[in-house]
Each structure stands twice: as structure tokens, then as C-alpha cells.
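Here are my notes on this one, written for someone new to reading structures. Keep the viewer open and click along as you go.

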2 protein chains.
Amino acid sequence: MEEIALPPFESLLALNAQSVEDLLRRLLDDRAREGEILRPGHLLAAMRHGVLNGGKRLRPFLVLESAALFDAQGMAALRVAAALECVHCYSLIHDDLPAMDDDDLRRGQPTVHRAFDEATAILAGDSLLTYAFDIIADAETELAAATRVELLAKLARAAGIGGMAGGQALDLLAERIPPDEAGIVQLQAMKTGALIRFACEAGAIIGEANRADRERLASFGAAIGLAFQLADDLLDLTASPETVGKATGKDAAAGKATLAALHGEEWARRQLLGLVAQAEELLEPYGEKAAVLRHAARFVAERDR
Amino acid sequence: MEEIALPPFESLLALNAQSVEDLLRRLLDDRAREGEILRPGHLLAAMRHGVLNGGKRLRPFLVLESAALFDAQGMAALRVAAALECVHCYSLIHDDLPAMDDDDLRRGQPTVHRAFDEATAILAGDSLLTYAFDIIADAETELAAATRVELLAKLARAAGIGGMAGGQALDLLAERIPPDEAGIVQLQAMKTGALIRFACEAGAIIGEANRADRERLASFGAAIGLAFQLADDLLDLTASPETVGKATGKDAAAGKATLAALHGEEWARRQLLGLVAQAEELLEPYGEKAAVLRHAARFVAERDR
């Protein structure tokens, strides 16, 4: 199949990120009152600090582009995308806490517990997670109630003990008891894979795709979730801190086993090619319409920071 | 109106608590796998520790009895009740953390971060909050999708920045900057009031009550939420540690202003009578059917521990 000319992928990503950020900024604006509801100023400020920090917004991008594949564009998809980003950012705020990864900086800025305090960071994470469900459940997310409830159920499943939160618990455990290969795969599928998979499946659900298409998009999300993690491990293993813009070699230093470290760089690069091929194959039925998502798969695998 | 003879209120409460606990025990049973989902053992154990700890289960009780008022009994109401208890228990786990209230004991047992560790306690709270939305969104909660999505939206609103989490942020702030009377009322309405109000409104929603009845139950919930907090403040002010089974005088020691401390014991007792009268008046249209909820209002106001 011939490729059509597309703007560079990073500008597409940035364009989507802008729309998502505009909405997040509106949802988290600094009005202390929203109708009858009082929003305590310092907690709201901490939530804004954790969310409006110039992330790549990869997960929202995947929601939006997956939804577009089924001709669903507009506010509903954007709100689900923004809600998912709230879940991602809550997880970063909690992961950065002293009791977890104890990080002082994220994207060159003080982490939320450094800019505010630990209690406020815990509550900001809690509030963002809660707000994500609020955003999707709200009638302003103009989707049938059955669609909203399906998205809420899948998001909760992807974020909870059997998904992201459980994966983080396994990751902390892995520093003390190194998992075997199957354990690493399971951990990563939960910690980073579940939300990326949800992002793609959510697009299909928003677009009211049939069951086969939903499963196809979920599988596409799972494949690029694996690629995302492998690329991350590879960067940590091989890149210089100058290229990545953050410390590398952290996994080895923390005694964390990764697949890339276990099998070596060459194996990891071969795996990445295989995952991209698998992701592209899954998109075949959608032809040219899926060109952006194909780009996304390559971007995730080839990113150099 | 004549009162019919009822079993002692505490046995009704215990009976409901048993049903809720049986379901919570099932939802959080120790199977590591639930279908395709892996539940990391130590995280699941921490969640169980935080939930299956012999609480009074007042919030679930209010869900069940409010639903019964509109002839809704059975599994749907029980699942919503259990989900709400998960939210309540998540908030206790996070409130107990060293960065928040730094408590070592809860109901005579080590708090979750003492029995496990801080990171696991944070993740157990996160996972319980997430699981609450999962439980309600799940199709096993046999309610129309529109009803489930309404419950999810209201629960998120009650638990988030404009409700419980925001109230906890205000409460932490109050230790440094004492709020005025309006500030105390606002703080308490958010921190403890929002979930109790939701409990009663949720029962009406589950029972597909009309708008007026829903608002009536929400107002009933708000009134007993105020009574609950006032009774709590009063206990802290006047009771001996032996009666209450925990340290008293904590509010004053922490420099926390309460309405009871501000206006004195006599005022607080008059207020409590007024709130119970208001709650009972709100239940008037339901006659004998609301006898248990009337008991609940009195129990909340008169409890001695």
C-alpha cells in the first residue's frame, strides 16, 4: 500500500496535544467556585501543576486518532482523552512521591510534592483520578449513557489493581525480588500497557465500532504499549543522558530487570520491528485512514527521548 | 405519628453491615486471578486490611435503607453500598498516612501503612477508589446504564476536589490557618457531609425515585451528615477516652476549630436536636416506611462512640 504524504508526526502530536491541553486548562481553570462546588485553591493549583506540564499527551492522541478512525470527532472524544490524561498524570504524581520513586523533578519542573507538600500531592492525585471519572460520566460528554458506562468500566479496570496501580505495586516489589521474564512482561503490560491499550480501545468505543474493530484496536494498543515500554528500556540501556534529557542507566542502578537488559540491544531492536509490523498489520483493514496511527506506532518504537 | 416496634437500631445496623461485608469479602477475595486479570497479592491484602476491619458501615446502611424506601432491594443496591464503602475506606487509608494525620492505629489495628508500607498504602487507597467506580460501572450492578452513570457522576462529585478530597485538603490547611465559622461548615460539608449525602441520594436514584424525592433524600443526608460531624466534635470535646475507645481532645490539641468548641456543649446539643427534627420532618411523606431511617438520624446524633 502506498503511503500518502503527511505532516511530520511530531507536529500532528503537538496539534492534538494543544486541543487536549486547552480543554484540561478549562476543566482545571482557577475558578474557586463551579456552580455550588467550592474547589480549594491550593489543591486545584497542585492538580494544575501536575497536569499542565507540557507532556507529549500520547494517550489522549491515541484516543483521538482511534476515534477518528471511526469518524468520531469532537468534544466527546476530547473529553475522554482529557480524562485519560488526568489518570496518567495522577499516576505520575503518586509515583514521584518519596514513598515511591522519590523524584524531585519531572520534565525539568519540581514534582508536585516538591512544589507543594506531600499531603497536597497525595490529594491532588486522588482528586485527578476522581475527576477523570467525573469528566466521562458527566452529561457534557455527549455519548449514550451505555457508552459512557462502558468507558468508565474499562478505564477503572485499566487503572486499578489489575492494571496500572497493580503494575506499579509489582514494579516496587521488583526492586527487591527480581521477577522472571514472564513476570516482567506481566508487570509492564499492567503498569504502562493497560492505559495505552485502553486509549486505543476507547477510541473505537466512542466511535461505536463493532466488537471485532474494538478488539482490533485494543490489540493495536497492546502492541504499541509493548513497543513503548521496550523503547523506554532501550533508551535507559543505551542512550546518553544528554540525548534523553534525563538520567539513564536508572533501571540497572535500581536493580530493575528489563527485557532489553535481559536479552540485549540487538534482540530488543528486532522485537521492536516485529511489534511495529504487528501493529501495522492490525491497521490494514482501515487503509489510508489509519495512516496517522501507523505513524504513531513507528514513533513510539523509534523515539529517541 | 405512632412509632412501630423495631428491633434495636444497632442490630439492624449490624445486620446490614454483615451483608455489605460478605459482598466486600467476595469482591476482594484472595484469588490472585480474576479471569484474565492478575491481582498482586500484597496489594490485594492491603486493600482487604483497609476494608475488612469491622467498621460500622454507616454509609452503606444509608444506601440500603434509602433504596428500600423506594422498594429497591437486592444486589444492585448492595453493590453500590459496597462501592461507597470502598471510597470511604480509601479515604481513611490515605488520611492515616504519615504525610496526613500520621495515625498508627485504626479500630485497634495497625493502619495500612503500618501493617504494610507507605507505598503499598498509597496504592491500596488508589486501587480501592478505582475499584469503587469499577463495581458500579460493571454490568453486574443490574441497573439501567443511565442510572449507573448518574450514580458514578454523583459519587465522583462527592468524593473529589469539590467533596471529600477537597474537604480533607481544607482540613489540613485548617491546622495552620483556623477557618471562620462559615469555613468550618464548608469544610465539614465537604469532608464528611458529601459522602453521607450521596449515600442517601444514591438510594433514591437506585429506587428510581422522582426528582423531588431524590432531593428530599439528599437533604436528609445533608442533615444527618451535619449531625454526624457535630456529634463527633462533641464526643471529642466532652467524652472520656475510655467511653469513646480512642483519644479525645484531639481537635483542640491539633488547634482545630470545631462548631462545638466555638459555641459550647449546650449549643451543640440544641443544634443536634434541631438537625434530628429536620431530618425526621424530611421523612414525613414516607410514614412508617421510613421508621428505620428516622432511627438512623437519632442514632447518628446520639451515638456515644
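Before we start, one term: two residues are in contact if their C-beta atoms, placed from the backbone, lie within 7 Å. With that in hand, look at Ala99(B): leaving aside neighbours within four places in sequence, Ala99(B) is in contact with Glu118(A), Ala119(A) and Ile122(A).

1. **What kind of model this is.** Keep in mind that this is a predicted model. The predictor gives the complex an ipTM of 0.95, and the pTM is 0.95 too. For chain A, the pLDDT averages 93, and 93% of the residues score at least 70.

2. **How the two chains are related.** Turn chain B by 180°, with a shift of 0.0 Å along the axis, and it can be laid on chain A with an RMSD of 0.0 Å. That is the relation of a two-fold axis. The same surface serves both copies, and 100% of the contact residues of chain B recur in chain A.

3. **Where the chains meet.** Chain B puts 44 residues into the contact, and chain A puts in 45 residues. On the side of chain B that touches chain A, the elements giving two or more residues are strand S2 (37–38), helix H2 (41–51), helix H6 (118–137), helix H7 (145–159) and helix H8 (164–174) of chain B. Which of these gives the most? That would be H6(B), with 13 residues. Sorted by type, the residues on this side of chain B come out as 27 nonpolar, ten polar and seven charged.

4. **Back to Ala99(B).** You'll find this residue in the loop between H4 and strand S3 (105–106) of chain B. Is Ala99(B) buried or exposed? Ala99(B) counts as buried because it has 21 C-beta neighbours inside 10 Å, and the cut-off for buried is 20 or more. Within its own chain, the C-alpha atoms of Ala99(B) and Glu118(B) are separated by 9.8 Å, with the two residues 19 apart along the chain.

5. **His113(B).** This histidine is found in helix H5 (residues 112–115) of chain B. His113(B) counts as buried, since it has 26 C-beta neighbours inside 10 Å. Leaving aside neighbours within four places in sequence, His113(B) is in contact with Asp96(B), Leu97(B), Pro98(B), Glu118(B) and Ala121(B). Take Leu97(B) from that list: it is 16 residues from His113(B) along the chain, yet their C-alpha atoms are separated by 6.6 Å.

6. **The nonpolar core.** The largest nonpolar core has 214 residues, and those touching the most other members are Val80(A), Leu152(A), Ala227(A), Val80(B), Leu152(B) and Ala227(B).

7. **A quick check on helix H15(B).** Helix H15 of chain B (residues 291–302) has twelve residues, so at 1.5 Å a residue it should span 16 Å; its end C-alpha atoms are 16 Å apart, which agrees. The buried residues of H15(B) are Val292(B), Leu293(B), Arg294(B), Ala296(B), Ala297(B), Phe299(B), Val300(B) and Ala301(B). What covers them includes helix H1 (9–27), helix H3 (58–69), helix H10 (211–238) and helix H14 (265–282) of chain B.

8. **Two residues with positive phi.** Arg57(A) is not a glycine, but it has a positive phi of about 60°. Its place is in the loop between helix H2 (41–51) and helix H3 (58–69) of chain A. Asp71(B) is not a glycine either, and has a positive phi of about 65°. Look for Asp71(B) in the loop between H3 and helix H4 (75–95) of chain B.

9. **Glu265(B).** This residue sits in helix H14 of chain B. Why does Glu265(B) count as exposed? Because it has 12 C-beta neighbours inside 10 Å, and exposed means 12 or fewer. Not counting residues up to four places away in sequence, Glu265(B) touches Leu234(B), Leu237(B), Thr238(B) and Ala260(B). Glu265(B) and Gly74(B) are 191 residues apart in sequence and 41 Å apart in space, C-alpha to C-alpha.

Conventions. Residues are numbered from 1 along each chain as its sequence is written. Chains are lettered from A and ligands numbered from 1 in the order in which they are written. This is a predicted model: local features need pLDDT of at least 70, side-chain atom pairs count only at pLDDT 80 or more; totals for chains, interfaces and linings use all residues. A nonpolar core is a set of buried Ala, Val, Leu, Ile, Met, Phe, Trp, Tyr and Cys residues joined through C-beta atoms within 7 Å. Copies are superposed by least squares on the C-alpha atoms of residues with pLDDT of at least 70 in both. Helices (H or I, at least four residues) and strands (E, at least two) are DSSP runs, numbered from the N terminus. The expected span of a helix is 1.5 Å times one less than its number of residues. Ala, Val, Leu, Ile, Met, Phe, Trp, Tyr, Cys and Pro count as nonpolar, Asp, Glu, Lys and Arg as charged, and the others, Gly among them, as polar. pLDDT is the predictor's confidence in each residue, from 0 to 100.
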